[in-house]
Amino acid sequence: TRDGLVIVDQHAAHERLVYEELKAQRARPPAEGGGIARQMLLIPAVVEMEPRDAERLLDATDLLDSLGLTLEAFGQGAIAVRETPAVLGAVDAARLLRDRAGALGDDDAPAGDGVATAPLQRKLDLALATFSCHHSVRAGRRLGVEEMNALLRRMEETPGSGQCNHGRPTSVTLSLADIERLFGRR
């Protein structure tokens, strides 16, 4: 910038943007096409897992369906994933289900944005935060100039984009004076 250098953690920034987008979709009333946009899988992903984890997920199908994740039983210890939240793009279904099974068993997990909420709301927020974290641009991935610019523009438009879902900063700014001090010029 004119005033210094801004360093962006692309994973943390994208994670927050995806999280806020999912929350906004969930908050829209049904009359306005509300709910989380879904991507139906052409071929359902079948995930084998521990029977207790599969049962935990199947017990929460209504909750997960409200988040855009449609599941059904597929035999002992197996679950078929039929739909995923569209904003996540290509999803590692096994990883997603294992993360969700673990989180569903933890009633004391903090909300993704650190806000104290009712238990159901906390679970919904935690699920969205987990979806966002595991399906955002990975650190170290080279982004093209257009992708970088799109990420920065979305950060400018998104409330709360200054920190990721875990509370870490998404960017840091070094002023010209800071940079000059680093090089012993001030």
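Author: Two elements, β1 (4–8) and α6, each supply at least two residues of the lining of the largest pocket. This is a predicted model. Of the elements, α6 gives the most to that lining, with six residues. In total, 14 residues line the largest pocket. Nearest its centre lie Val 6, Ile 7, Val 8, Leu 152 and Met 155. By class, the lining divides into eight nonpolar, two polar and four charged residues. The space in the largest pocket comes to about 320 Å³.

Now follow the chain past α6. The helix spans 145–157, and Thr 158 lies in the loop between α6 and β5 (171–175). Thr 158 has a relative accessible area of 17%, so this residue counts as buried; the cut-off is under 20%. Leaving out residues up to four places away in sequence, Thr 158 touches Leu 17 and Glu 20. Glu 21 is 137 residues from Thr 158 in sequence. In space, the two are 8.8 Å apart, C-alpha to C-alpha.

Contacts with a separation of 6 or more are 73% between residues 24 or more positions apart. The secondary structure comes to seven helices and five strands. From the N terminus, the order is β-α-β-α-α-β-β-α-α-α-β-α. The protein chain has 186 residues, and 37% of them are buried. Its accessible surface is about 10,700 Å², with 53% belonging to carbon and sulfur atoms.

How values were computed. Residues are numbered from 1 along each chain as its sequence is written. This is a predicted model: local features need pLDDT of at least 70, side-chain atom pairs count only at pLDDT 80 or more; totals for chains, interfaces and linings use all residues. Side-chain values use heavy atoms; hydrogens and water are left out. Helices (H or I, at least four residues) and strands (E, at least two) are DSSP runs, numbered from the N terminus. Buried means under 20% relative accessible area, exposed over 50%, partly exposed in between (1.4 Å probe, protein chains only). Contact means heavy atoms within 4.5 Å. On a 1 Å grid over the protein atoms alone, a cavity is a set of points where a 1.4 Å probe fits but cannot get out, and a pocket is an open set with protein on both sides within 12 Å along at least five of seven lines; lining residues have an atom within 4 Å of a point. Grid points are joined across faces, edges and corners, and a volume is the space filled by probe spheres set on the points. Ala, Val, Leu, Ile, Met, Phe, Trp, Tyr, Cys and Pro count as nonpolar, Asp, Glu, Lys and Arg as charged, and the others, Gly among them, as polar. Accessible areas come from the Shrake-Rupley method with a 1.4 Å probe; for residues, only the protein chains shown count as cover.
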